[in-house]
Amino acid sequence: MACLSPSCTLFTPTPTFASASSSSNSSSRPVLAKPSQFFTHAKRRNRFRVSCDAINGEQNLKDDSKNVDSQGKVDRRNMLFGLGGLYGAANLTSNPLAMAEPIKPPELDKCGTATNLNTGEKLDVNCCPPVTPKVIDYKLPPVRFIRTRPSAHRVTPEYIFKYNMAIDRMKRLPENDPRNFMQQANIHCAYCNGAYDQPGQGTLDLQVHNCWLFFPFHRWYLYFYERILGKLIGDPTFSLPFWNWDNPKGMTIPPMFVDSKSALYDEKRNQENLPPAVIDLGLTGSKDPLQVVANNLTIMYSEMIRGNKTAEDFMGSAYREGTSPNPGPGASERGSHTSVHAWVGDPRQPSGEDLGNFYSAGRDPLFYCHHANVDRMWTLWQYFLPSDKVPDKKITDPDFLNASFVFYDENAQLVRVTVRDSLDNLRMGYDFERIDLPWLDYRPPAQAARTKVMKASSSDAPKADSVFPVVVDQIIRVTVPKAKKGKADELLVLENIEVDTTKLLKVDVFVNDEDDNQSELDKASYVGTYAQLPHKTKNKTAKTTISLKLTEVYEDIDVEGDDTIVVTLVPRHQGGGITIGGIKIIEAPASSSSSSKSSSSSKSS
Ligand code: C2O
């Protein structure tokens with residue numbers, strides 16, 4: 001059961017997915033396969049209109065048919081074309097609670113030795129980019145056309161030819177050209193393996209994972225990578241493909257990456273997981289491909305919708321100047337994102353290279369295709385998820401918006417970029433092919449759950465207080481008091497999660513689940529996941545807190561009248577390496593909370 005080791009065999013048969021998805025649009029202009037899913041009534045249409053005071057808000061990407069709605073508001077897409085600077089000018093009022101400073105970009109001349117995350121040893125690779133004296137503030141160019149990133153399983157032979165040629169040319173650039181393939185891979189190594197310290201903060205590492213910088217950093221990384229590739233083949237419209245692992249039709253490694261003669265090929269991948277193996281986003285090790293697909297869709301629904309209360313629950317915890325690295329990963333980062341890395345990484349290599357370890361992940365061209373889908377998840381969450389399900393999509397904290405990074409652009413110019421400028425993919429000039437979202441309504445059926453759940457009152461599980469803190473090296477089951485009786489809006493908080501940062505870790509969380517078949521996640525009792533990829537901090541441990549929203553779970557399982565619930569923690573990794581300090585249930589804060597300073601956990605050391 002507990003199978004996180006990349007050597008676990010998953011299954012072999014080729015599944016068929018006759019009815020799971022319907023991505024059938026073939027016109028060059030992307031349209032939603034099922035617009036009705038998003039525009040069920042007029043009220044929702046209005047919610048998707050442009051709002052000039054919202055940068056990270058509910059602006060719509062579609063509905064191109066009309067540019068002006070019944071209330072005379074102008075469609076966002078038209079505004080984008082003519083008024084490139086407007087969104088940048090639509091500044092956010094500063095947060096009176098802000099006390100710290102945003103993360104500053106690294107000083108390239110102070111780039112140090114990176115560390116192998118699994119062994120703690122210094123790496124024999126130099127991850128540091130060339131040092132250039134001049135850095136300029138990057139201005140998003142006016143958007144004259146939109147690059148549409150295609151689903152990697154649906155691209156044409158012509159596209160594959162061009163993509164292959166672009167990567168090949170990138171590999172042939174001089175070694176010290178910052179646009180060279182290895183230099184690009186090393187961006188990830190340097191930003192993620194402790195090669196940089198936070199400027200002016202002593203020896204505190206600069207770390208862009210496990211915090212709210214996760215989405216913005218990787219968005220900028222891919223943005224320049226894509227522009228470099230386009231420049232190398234003289235095609236400014238070139239768009240990176242996304243690995244559509246959230247749709248059954250995309251749940252294998254995209255075929256173009258497994259042609260050993262292609263520049264897209266990388267031999268350091270788990271050979272058990274080459275096509276037709278179906279990606280196991282839950283890392284459950286289930287051998288049943290249909291069960292794996294059901295798990296995957298449940299995980300997507302959970303991490304995109306069901307488990308998040310605040311924007312930071314999805315995006316990751318606050319990380320400012322002076323914050324210890326890894327304050328807390330968002331649901332998407334610690335869920336599907338981490339699993340894809342771990343699932344593709346090669347168990348024959350010493351440390352899961354290439355995709356299974358941060359320092360080497362960028363050496364596999366598949367990394368950028370994977371992250372294009374991670375980036376797509378951010379866009380979907382921002383602009384497509386209905387506001388009644390995900391009410392809180394903005395982080396307005398200036399320490400978030402003003403955080404900055406440096407990259408080399410397509411002209412090998414070093415540029416400084418901000419999180420603020422990364423919030424809107426259309427303003428950055430790209431979009432995604434529209435593909436059906438089969439997880440959008442994948443709420444586990446309540447009825448089925450009722451037959452399987454146990455009542456907390458009849459459980460012999462010990463009280464959480466008597467068990468925590470606890471090392472999660474086996475299945476742990478405890479009772480936890482609810483904050484209130486009935487079906488209240490509550491959060492399950494796992495606090496002071498202390499992890500060995502050199503290890504791959506994953507723990508799934510269930511409520512009132514008496515079923516011992518933990519490779520089934522498609523049930524109401526599955527609440528969410530904590531997981532991390534190996535990464536490095538100076539002292540090899542990090543403290544993190546996550547919270548999981550229980551509102552829907554309470555609706556779907558029979559908790560009415562109960563004072564307690566039973567929580568089951570199921571580790572998917574081997575051995576220890578993770579201690580959870582405490583577990584508790586609290587009333588959910590009002591949904592605007594994400595704009596305030598986040599919990600004290602973000603400052604924990
Ligand atoms: Cu920077 Cu998928 O990691």
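Among contacts between residues at least 6 apart in sequence, 79% join residues at least 24 apart in this protein. The model is predicted. It contains 15 helices and 13 strands. Of its 605 residues, 63% count as buried. The accessible surface of the protein comes to about 21600 Å², and carbon and sulfur atoms account for 51% of that area.

The UniProt record, an unreviewed entry, places the feature "binding site" at His188, His209 and His218. These positions are spread over 31 residues of sequence, yet they cluster in space, with a largest C-alpha distance of 10.4 Å. His188 is located in helix α5, which covers residues 181–192. The relative accessible area of His188 is 0%, so this residue is buried. When residues up to four places away in sequence are not counted, His188 touches Asn193, His209, His218, Tyr221, Phe358, Ala361 and Phe367. His218 is part of helix α6, residues 214–232. Its relative accessibility is 4%; because this is under 20%, His218 counts as buried. Leaving aside neighbours within four places in sequence, His218 is in contact with His188, His209, Phe367 and His371.

In soluble globular proteins, nonpolar side chains tend to be buried together. The largest nonpolar core of this model has 117 residues, of which Tyr163, Tyr191, Trp220, Trp243, Met304, Phe405 and Trp439 touch the most other members. Domain 1 (108–384 + 405–418) and domain 2 (456–601) both give residues to this core, so the core lies between them. Met304, one of the residues named above, touches Phe314, Met377, Leu380, Trp381, Leu385, Val390 and Trp439, not counting residues up to four places away in sequence. A second core is separate and holds 33 residues, including Val472, Leu494, Val509 and Val511.

Side chains of opposite charge can pair when their charged atoms come close. The structure holds 32 salt bridges. In one of them, the side chains of Glu321 and Lys104 meet with an N to O distance of 2.7 Å. Glu321 lies in the loop between α8 (311–315) and α9 (331–344), and Lys104 lies in the loop between α3 (86–89) and β1 (135–137), so this pair ties together parts that are 217 residues apart in sequence. Glu321 is buried, with a relative accessible area of 17%, whereas Lys104 is partly exposed at 37% relative accessibility.

Another salt bridge joins the side chains of Arg416 and Asp137, at 2.6 Å from N to O. This pair links distant parts of the chain, as Arg416 is in strand β4 (residues 414–418) and Asp137 is in strand β1, 279 residues apart. Arg416 counts as partly exposed, at 29% relative accessibility. The side chains of Lys261 and Asp259 also meet in a salt bridge, with an N to O distance of 4.0 Å. Lys261 is exposed, with a relative accessible area of 75%, and Asp259 is partly exposed, with 36%. Finally, Arg306, Arg443, Glu552, Glu555 and Asp556 are linked in a network of salt bridges.

How values were computed:
Residues numbered from 1 in each chain as written. Predicted model: local features only at pLDDT ≥ 70, side-chain atom pairs only at ≥ 80, totals over all residues. Heavy atoms only, no water. Helix = DSSP H or I, 4+ residues; strand = E, 2+ residues; numbered from the N terminus. Buried < 20%, exposed > 50% of the residue type's maximum accessible area, 1.4 Å probe, protein only. Contact = heavy atoms within 4.5 Å. Areas by Shrake-Rupley, 256 points an atom, 1.4 Å probe, with all protein chains shown as cover. UniProt positions renumbered as here; feature names shortened; annotations may be inferred. Core = buried A, V, L, I, M, F, W, Y, C linked by side-chain atoms within 4.5 Å. Domains from an automatic or database assignment.
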